[in-house]
Amino acid sequence: AGAVIANVAGQTLTITTHNLVTNSASLQALSGGTLTIDDAVNNFGGLIGATTTDTTTPTVNLNGAVSGGTIYAIGAGAKVNLNASSSSALLRVANGGVLSATSGALTDDTVLVTTGGQAQLKSVKLTNTSLSGGAANAIQLANVNLDGTAAANTISGYVAAIGGSPMFLGGSLVDNGIFTLASGVYLYTYGGAALSGRGKITMNAGQSTFSAGISSSDPDDLAFTNAATINGSGSLVSMQLVNTGKIASDAGYTIALLTDDDIVNQGLLMASGAGSTLWIDDSVNNGGGLILAQSGGHVKENGGLSGGTLTASAGFADLYNGASSVTMKAYAGGAISVLGGDVRGSALTASGANSLISLSGGVSNSTLATSSAGLIRVNGATFYDDTINAGAQVLVQDGGQLTLEGALANSGVLSVGDVNNSSVTTLTIDGDVTLSGAGKLQLNPSNG
């Protein structure tokens with residue numbers, strides 16, 4: 001077995017046998033020549049590619065399916081056009097070469113791009129294929145179906161979805177790299193889509209939160225499991241979301257969870273950094289999970305929260321529909337505000353100067369604690385069968401309203417008063433109320 005070489009600049013060598021071509025050696029384009037193969041190629045043990053040896057631009061056109069071996073584009077100006085399917089092949093691009101695949105499927109392939117090369121995959125389906133990009137935009141995807149329903153696709157290094165074209169994710173994707181969704185790109189899920197790995201999907205919607213994101217493509221197939229990291233700016237829409245990994249708004253942008261279904265969080269939902277917002281429009285079953293607002297980040301939960309932990313660490317968290325069986329922690333100057341709904345069976349702790357939990361609504365069967373100048377403030381709430389721990393500071397002032405029902409075990413300090421003499425602060429005893437504990441109930445403490 002020898003080599004077939006197209007090496008005359010501006011000239012094309014065409015192979016059209018109307019039969020399967022078997023290559024165990026080398027089919028290549030050099031010196032500005034073009035090699036076009038119209039037949040399917042059994043390339044196991046063989047090489048097909050374009051290599052730049054001078055300033056010319058060699059090109060290989062593969063118009064039939066290729067199985068096995070290596071397909072390569074190496075050197076600035078070297079180009080391979082894969083116009084049909086490939087399988088069990090290594091697609092290697094380096095040193096400024098370009099490989100373009102525009103139809104068919106890549107099955108059991110490895111796409112390896114290094115040192116300034118670029119792979120451009122458009123309108124193809126990938127199954128059990130590994131994508132490894134050595135730099136940002138090294139592998140570019142547009143209208144690609146990442147079909148991992150039979151066997152997972154894998155990402156390492158850098159992969160970018162570009163151009164505003166839709167993307168599709170079915171079954172399993174193992175992401176150990178950085179997979180970016182440009183503004184205008186939505187990744188549509190199907191087939192029990194599941195993301196795993198130590199890498200991340202970065203949504204780049206910028207300030208236009210809804211211009212990039214992830215959404216179900218089938219109203220009868222809404223499942224999406226995230227066990228990797230999703231960050232940046234964008235939205236997750238119309239899905240049954242189970243998060244065991246991390247979803248984090250950062251860099252001053254917003255992620256919106258608009259799933260139209262209950263969210264299960266067993267991992268981390270987070271807003272981190274000044275101006276970063278995580279907007280959650282649906283109820284969250286947070287058992288075993290953590291919702292975190294840190295370093296100026298802002299979490300807004302609109303659908304109701306149950307279980308797990310909600311933490312504001314120098315960040316801000318707003319609950320618009322209450323919480324049940326939640327451990328709430330505000331520290332390092334963080335603030336949690338319950339703006340609507342009831343808090344039931346929860347543990348609330350504010351620790352550290354300027355750390356605050358503010359309450360509006362019902363609070364029942366819950367424990368309130370503060371330390372190190374942390375504060376729990378009541379704006380307008382009803383306490384029913386609650387406990388104030390030793391050392392805790394709970395304040396009702398400046399127009400705040402507190403109603404006590406059932407029992408209150410108070411080992412801390414509950415202060416009720418109009419500090420600024422500007423409004424009426426009210427404590428209401430509703431029915432038979434049992435007060436117990438070694439704590440204090442202080443009325444109007446700042447004015448005697």
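**Aromatic cluster, core and surface patch**

Phe168, Tyr186 and Tyr188 form one aromatic cluster. The model is predicted, so local features need pLDDT of at least 70 and side-chain atom pairs count only at pLDDT 80 or more, while totals for chains, interfaces and linings use all residues. Residues are numbered from 1 along each chain as its sequence is written, and side-chain values use heavy atoms, with hydrogens and water left out.

**Aromatic pairs**

- Counting rings of Phe, Tyr and Trp (its six-membered ring) as paired if their centres lie within 6.5 Å, with planes under 30 degrees apart called stacked, over 60 edge-to-face and the rest tilted, there are 3 aromatic pairs.
- Phe168 and Tyr188 make a tilted pair, at 6.0 Å centre to centre and with 35° between the planes.
- This pair links distant parts of the chain, 20 residues apart, with Phe168 in strand β22 (residues 167-175) and Tyr188 in strand β24 (residues 186-196); strands are DSSP runs of E, at least two residues, numbered from the N terminus.
- Phe168, at 27% relative accessible area, is partly exposed, and Tyr188 is partly exposed at 28%, where buried means under 20%, exposed over 50% and partly exposed in between (1.4 Å probe, protein chains only).

- Leaving aside neighbours within four places in sequence, Leu121 is in contact (heavy atoms within 4.5 Å) with residues including Leu99, Leu126, Ile139 and Val144.

**Strand β53**

- Leu441 lies in strand β53 (residues 440-443) and is partly exposed, with a relative accessible area of 38%.

Definitions and conventions. Helix = DSSP H or I, 4+ residues; strand = E, 2+ residues; numbered from the N terminus.
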